[in-house]
Every structure is written in C-alpha cells, then in structure tokens.
Amino acid sequence: PQRTDEGSNAHLLAIRLEAHERPKFLRAMARHGVEAGIQYPAVHRMEAYGNFWAPLPITDTLTSQVATIPNHHGLSNDEVETVIEATRASLKEAAI
C-alpha cells in the first residue's frame, strides 16, 4: 500500500549526548549547515507549573543531554545524506 503521511508529526530525531558535549555538537551542526536544537525542556521546571515543582533528577539529567536533528518525510535523499554526514562529523568534532 502507498504510504500517506497524513497525521504524522515525525519531524525530529532526538539523540542523547553527554551534557558537556551538547553545546559543541550544536555549534558543529550549525557550521555544517544543519539545524539541530534543543526541543524538550524539563516540563516540571516550566513556569506554568509554579508550586507544583518537584525534584526529578533523572528528567533533569536527560533534558540536559538531548538534542534534535531533522528527520521528516519531506527531506530529500540528498538532505538525509547531509544530515547523516553532518551528524557524524559533528560528533567527532565535539569529541563524543
């Protein structure tokens, strides 16, 4: 059957890095022309939760380590290759 991507929200791939290496990785990805970012903050630290905040050390650790790279059905094969090559090079440059 033919795939229709209706209803899909797949657009990013989350990857886990060492927290101290993440900024280097993000800068390297930018140098390679690929937009990588930080999409998922620790929800329990959002201002909207106010007094409901509770310590969640595992969540805090993970949110300091996650970065996202493009991963959606609209990417051409060449763009996929660019993301892959930029990710490989950026991981090396960040000494991960």
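**A histidine and its surroundings**

Author: In this predicted model, and leaving aside residues up to four places away in sequence, His44 touches Tyr49, Trp53, Ala54, Leu56, Thr59 and Asp60.

Reader: With which residue does Asp60 form a salt bridge, and how far apart are the closest N and O atoms?

Author: Side chains of opposite charge can pair when their charged atoms come close. Asp60 forms such a bridge with Arg45, the closest N and O atoms being 2.9 Å apart. The pair links distant parts of the chain, since Asp60 lies in helix H2 and Arg45 in the loop between H1 and H2, 15 residues apart. Asp60 itself counts as partly exposed, at 22% relative accessibility, and the partner and distance asked for are Arg45 and 2.9 Å.

Reader: Which residues form a nonpolar patch on the surface, and what is their accessible area together?

Author: One member is Tyr49, which is found in the loop between H1 and H2 and is partly exposed, with a relative accessible area of 39%. The patch is formed by Val43, Met46, Tyr49 and Phe52, and together their accessible area is about 430 Å².

Reader: Turning to helix H1, why are its buried residues on the same side?

Author: In H1, which spans residues 22–31, the buried residues are Arg22, Phe25, Leu26, Ala28 and Met29. They lie on the same side of H1 because they cover an arc of only 165 degrees around the axis. As background, an α-helix has 3.6 residues a turn, so residues three or four places apart point the same way. The value that answers the question is therefore the arc of 165 degrees.

Reader: What covers the buried residues of H1, and which residues are exposed on the other side?

Author: The cover includes strand S1 (12–16), helix H2 (57–63), strand S2 (66–70) and helix H3 (77–93). On the other side of H1, the exposed residues are Ala30 and Arg31.

Reader: Which residue meets Arg31 in a salt bridge, and how many residues apart are the two?

Author: The side chain of Arg31 meets that of Glu93 in a salt bridge of 3.0 Å, N to O. Glu93 is in helix H3 and Arg31 in helix H1, so that the pair links distant parts of the chain. Arg31 is exposed, with a relative accessible area of 58%, whereas Glu93 is partly exposed at 40%. The partner is Glu93, and the separation is 62 residues.

Reader: What pattern does the chain follow along the sequence?

Author: The chain holds three helices and two strands. Among contacts between residues at least 6 apart in sequence, 76% join residues at least 24 apart. Read along the sequence, the pattern is β-α-α-β-α.

Terms used. Residues numbered from 1 in each chain as written. Predicted model: local features only at pLDDT ≥ 70, side-chain atom pairs only at ≥ 80, totals over all residues. Heavy atoms only, no water. Buried < 20%, exposed > 50% of the residue type's maximum accessible area, 1.4 Å probe, protein only. Helix = DSSP H or I, 4+ residues; strand = E, 2+ residues; numbered from the N terminus. Arc of directions from axis to C-beta. Contact = heavy atoms within 4.5 Å. Patch = residues over 30% accessible without salt bridge, like charges linked within 9 Å, V, L, I, M, F, W, Y side chains within 5 Å. Areas by Shrake-Rupley, 256 points an atom, 1.4 Å probe, with all protein chains shown as cover. Salt bridge = Lys/Arg side-chain N within 4 Å of Asp/Glu carboxyl O.
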